[in-house]
Amino acid sequence: MKKLPIGVQDYKKIKEGNYTYIDKTKYILELISSEAPIFLSRPRRFGKSLTISTLYYLFKGEKDLFKGTYIYDKWEFKEYPVIRISLLDVSTENEQSFKYGLLEIIKTEAERYGITIENTNYKYAFNELIIKLSQKERVVILVDEYEKPILDNINNKEKAEKYREILRDFYVSIKSKDEYIKFVFMTGITKFTKTGVFSALNNLNDISLDKTYAQMLGYTQEELEKNFKEHIKETASEMKMEEKELLKNLKMYYNGFSFDGENSVYNPFSILQFFKKRKFQNYWFESGSPSFLYEYIKGKKIRYEDLVKYPVSELDFSTREIEEANASIFFTQAGYLTFKGKEQYGMEYEYLLDYPNIEVKNSFSKMILEANYELERGKIKEINKTIWKAIKEKDIEGIIKEIKRIISAIPYNLHKKEESYYHSLIYTILASAGLNVTAEELTNLGRSDIVIEEDIIYIMEIKIDKSAEKALTQIKEMKYYEKYKGKEIYIVGININSEKRNIDEYKIEKI
């Protein structure tokens, strides 16, 4: 059984070290035929650095490393000078250290080729390196995490803009020295804007939302089942479940990331960690969610409903800088939201947003409860246990009582006399417990407020200053339960009293 490449981002090490490798070179062959610089944004820990590494060895002409891959007999392997730049290596403490860091990267790259850089300005040093390296062959430039200094300062607009100006000056060399360059590939978490870092690169080919490359990073269902066959078998046996059941659970927990609104992929990091530890856990989210995330949620008073209420278009991703973009745009690029479908209006497409899977939904909901509703982490953990126990005991009344208790603990000044406020709050409470819960679940007759889909289906409708009976009547009239026929179903009507700021009535019926 091949080893799991956890934390291994070097293509050569994976190929020579008997690690599992998912062959993505079919996409790479398509990429390297491009004359224009290419840009691809993806969330963290999605394989961007491994893609950069794969391209590096490809352009170094190391053909033997590609035996058994799609590209092996389809590309004329030839060695080119390659400049690798990773902004992960640069200090962003202040402007001076940032500029110094860029200069050091250029000097280090030059040393690998026995070249001395005479310029002490980061921008001109980059120009010098490109020109000197191109004397033998045209240069390949690979840039990883191109905007990290900006993301590090997303809550400091002034500093973010200063760093953007520095990067703009730095990257303009790619355009001005085009005649010396063979191929350019750049990655990051967020897309650029026309006036931002890449304003000078008007020929940049952004493939971030291109359907052709939607499954280039991440694992498809087919790749999962084909490449992890032995791991699936052993894990299912250890966890005492059928392989079919294991695959179903894996899909719910770790699949669902979509970059075109049609095709989805698994997060690679979560899958590798799962097969190593053989238990369902929130691996990706808890592996290093940016430190600014909590403050970002708190500062903008993020609610679930605000994030998913409106569809977004491709234009929404490139009209504002990331620190000024709507929260839904930022969280989509960071991987906490994803495309769950798309609708066409004339020549334009709009994308529907939601959490990609249970892992992200669960962890993100906990963070919202803590940052936005001022609930303590210990209290959230206690809530989660109580709700989980109630759902296993099929005690829906116990869940509602727990929800009432939680709502009463939220400071009165944070409440809003809006149905949407309580929809978001109740959904977030349930999602934080790790339940398979959906909001605004679409049926052929309308959208139900909240659906819990575990062994039993619970369909909830929430009203404010009306009645639980009216909420139940709406579920019946709109037949929200039709799509779940054949399962055990309960419908739940809830009424919120806006003066008391809590649930004052609820009714439960079995369908």
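**Domains.** I kept in mind that the model is predicted. I looked up the domain division and found domain 1 at residues 11-213 and domain 2 at 374-510. I then checked the distance between their C-alpha centres, which is 47 Å.

**Helix α4.** I turned to α4, which runs over residues 95-112. With 18 residues at 1.5 Å a residue, α4 should span 26 Å, and its end C-alpha atoms are 26 Å apart, so the two values agree.

I looked at the start of α4 and found a side-chain oxygen of N94 within 3.2 Å of the backbone nitrogen of Q96. Just past the other end, G114 has a positive phi of about 70°.

Which residues of α4 are buried? I listed S97, F98, G101, L102, L103, I105, I106, E109 and A110. I noted that an α-helix has 3.6 residues a turn, so residues three or four places apart point the same way. Next I asked what covers the buried residues of α4. The cover includes strand β2 (82-86) and the helices α5 (122-133), α6 (148-151) and α7 (157-176).

**Sheet.** I followed an open sheet of 3 strands, in the order β8-β10-β9, with antiparallel pairing. Here β8 (312-313) and β9 (338-345) are the edge strands; each has a single partner strand, so one side of each has no neighbour in the sheet.

I looked at one pairing in detail: β9 and β10 (residues 348-354) are antiparallel and joined over 6 bridges. Which residue of β10 stands opposite K342? I found Y351 there.

Terms used. Residues are numbered from 1 along each chain as its sequence is written. This is a predicted model: local features need pLDDT of at least 70, side-chain atom pairs count only at pLDDT 80 or more; totals for chains, interfaces and linings use all residues. Side-chain values use heavy atoms; hydrogens and water are left out. Domain bounds come from an automatic or database domain assignment. Two strands pair if DSSP finds at least two bridges between them. Helices (H or I, at least four residues) and strands (E, at least two) are DSSP runs, numbered from the N terminus. The expected span of a helix is 1.5 Å times one less than its number of residues. Buried means under 20% relative accessible area, exposed over 50%, partly exposed in between (1.4 Å probe, protein chains only). Contact means heavy atoms within 4.5 Å. A polar contact is a pair of N or O atoms within 3.5 Å; within protein, one must be able to donate a hydrogen and the other to accept it, and residues adjacent in sequence count only if both atoms are side-chain atoms.
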